[in-house]
Amino acid sequence: MIFSTLEHILTHISFSIVSIVITLHLITLLVNEIVGLYDSFEKGMIITFFCLTGLLVTRWIYWKHFPLSDLYESLIFLSWSFYIIHMILYLKKQKNNLSTITAPSAIFTQGFATSGLLTEMNQSAILVPALQSQWLMMHVSMMVLGYAALLCGSLLSITLLMITFQKDIIRIFYKRKQLLLNQSFSFSEIQYMTEKGNILQSASPLSFRNYYRFQLIEQLDHWSYRVISLGFIFLTIGILSGAVWANEAWGSYWNWDPKETWAFITWTIFAIYLHIRTNKNLQNVNSAIVAFIGFLIIWICYFGVNLLGIGLHSYGSFTLTLT
């Protein structure tokens, strides 16, 4: 009874704090000059992380199994993993740029899981025989940690694509503007305006903006590669441990279950990403496009298959009960 009450309290505290954190995050995105507000936002993230940690530990003690037996617990663990990645980047002093990508991932995942929209998901029960194994902690934790790292790394790559394409759009717009000027003015007027524009451009902060954009793209590319590489390692360990567990539970290492198939597709996509990274001529945009495809595949594997509730992994199916 005590652990059940504690779990209930931690759930409501974490959801209340994350609601405030969402508001602070939106404000910090609009007004970057408020340093104290950003510090409050980060403190809220840390408090929420410890609440989620307490929630997972409480469920572990109360239900006497590692809290990764259903979709609700995996969502909480996924959000907890997002918080870890966010705090690692924060401690690495990447708070100004990368935290604006990792923070929403943690906030909205945790907010969705604890919002009360899904009233029956958080009711744990006795594990089915297939889940009563020591491989539960090893396999599922590695898979969810891998999903979290791959999703965060893919989001960094998607941001890289957006910045790159924005630069190309601006370049196209600038060329069209120059073409219109050539059609509207005489040669002497164009020469005068070009010289004047060059002087103004040399005095303007445009070069600094281009340098900042280049630095940001390099930073996003660097961290997306590192985070995706870490996620790929977790995913590989998760798939291998899952194969061993499947052999113990079902008598076969691989059964081409929908969850297994999509996990293999996810692994293949990010293996292609890492292979592309070995070629310097295909880095940045090309690898980011593959990461974007992988981002969509992960959600199909993690969430889409659960919506169908089919296959040997149907115990993690999605039960929606509107309040």
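## Starting at His 139

At 14% relative accessibility, His 139 counts as buried. That value is for a predicted model, like everything else here. His 139 belongs to helix α5, and once residues up to four places away in sequence are set aside, His 139 touches Gly 238, Ser 241, Gly 242 and Trp 245.

Val 140 also lies in helix α5. The cut-off for buried is under 20% relative accessible area, so Val 140, with 14% relative accessibility, counts as buried. Leaving aside neighbours within four places in sequence, Val 140 is in contact with Leu 68, Trp 135 and Trp 245. Take Leu 68 from that list: Leu 68 and Val 140 are 72 residues apart along the chain, yet their C-alpha atoms are separated by 6.7 Å.

## The overall layout

Now for the whole chain. What do you get if you count helices and strands?

Of the 323 residues in the chain, 43% are buried. The chain exposes about 17800 Å², and carbon and sulfur atoms supply 68% of that area. As for contacts with a separation of 6 or more, 80% of them come from residues 24 or more positions apart.

Helix α3 has 21 residues and reaches 30 Å from its first C-alpha to its last, close to the 30 Å expected at 1.5 Å a residue. Helix α3 is also mostly covered, with 17 of its 21 residues buried.

What about α4, with its 15 residues? The end C-alpha atoms of α4 are 21 Å apart, which agrees with the 21 Å that its 15 residues should span at 1.5 Å a residue. Since 12 of those 15 residues are buried, α4 is largely enclosed by the rest of the structure. The buried residues of α4 include Ser 99, Thr 102, Ser 105, Thr 109 and Gln 110, along with Ile 101, Ile 107 and Pro 104.

In soluble globular proteins, nonpolar side chains tend to be buried together. Here the largest nonpolar core has 75 residues, and the members that touch the most other members are Met 45, Phe 77, Tyr 83, Ile 107, Tyr 147 and Leu 220. Helix α5 gives the most, with 17 residues.

## Aromatic pairs

A pair of aromatic rings is described by the distance of the centres and the angle of the planes. The structure holds 12 aromatic pairs. One of them joins Phe 66 and Phe 77, edge-to-face, at 6.1 Å centre to centre and 65° between the planes. Phe 66 lies in the loop between α2 (35-63) and α3 (71-91), while Phe 77 sits in helix α3, so the pair ties together parts that are 11 residues apart in sequence. Both ends are tucked away: Phe 66 is buried at a relative accessible area of 12%, and Phe 77 is buried at 7%.

Another pair reaches further along the chain. The ring centres of Tyr 147 and Tyr 302 are 5.8 Å apart and their planes are at 65°; planes over 60 degrees apart count as edge-to-face, so this pair is edge-to-face. Tyr 147 lies in helix α5 (residues 135-184) and Tyr 302 in helix α9 (residues 285-308), so the pair ties together parts that are 155 residues apart in sequence. Both tyrosines, Tyr 147 and Tyr 302, are buried.

Ring pairs also build a cluster, linking Phe 49, Phe 50, Trp 60, Phe 66, Phe 77 and Trp 80.

## Two tryptophans to look at

Which charged residue sits over the ring of Trp 223? The charged end of Arg 226 does, 4.9 Å from the ring centre.

Trp 256 is found in the loop between α7 and α8. Is Trp 256 buried or exposed? Trp 256 is exposed, with a relative accessible area of 58%. The backbone there is worth a click too: Trp 256 has a positive phi of about 55° although it is not a glycine.

Definitions and conventions: Residues are numbered from 1 along each chain as its sequence is written. This is a predicted model: local features need pLDDT of at least 70, side-chain atom pairs count only at pLDDT 80 or more; totals for chains, interfaces and linings use all residues. Side-chain values use heavy atoms; hydrogens and water are left out. Rings of Phe, Tyr and Trp (its six-membered ring) pair if their centres lie within 6.5 Å; planes under 30 degrees apart count as stacked, over 60 as edge-to-face and the rest as tilted. Helices (H or I, at least four residues) and strands (E, at least two) are DSSP runs, numbered from the N terminus. Buried means under 20% relative accessible area, exposed over 50%, partly exposed in between (1.4 Å probe, protein chains only). A charge sits over a ring if NZ of Lys or CZ of Arg is within 6 Å of the ring centre and within 35 degrees of the ring normal. Contact means heavy atoms within 4.5 Å. Accessible areas come from the Shrake-Rupley method with a 1.4 Å probe; for residues, only the protein chains shown count as cover. The expected span of a helix is 1.5 Å times one less than its number of residues. A nonpolar core is a set of buried Ala, Val, Leu, Ile, Met, Phe, Trp, Tyr and Cys residues joined through side-chain atoms within 4.5 Å.
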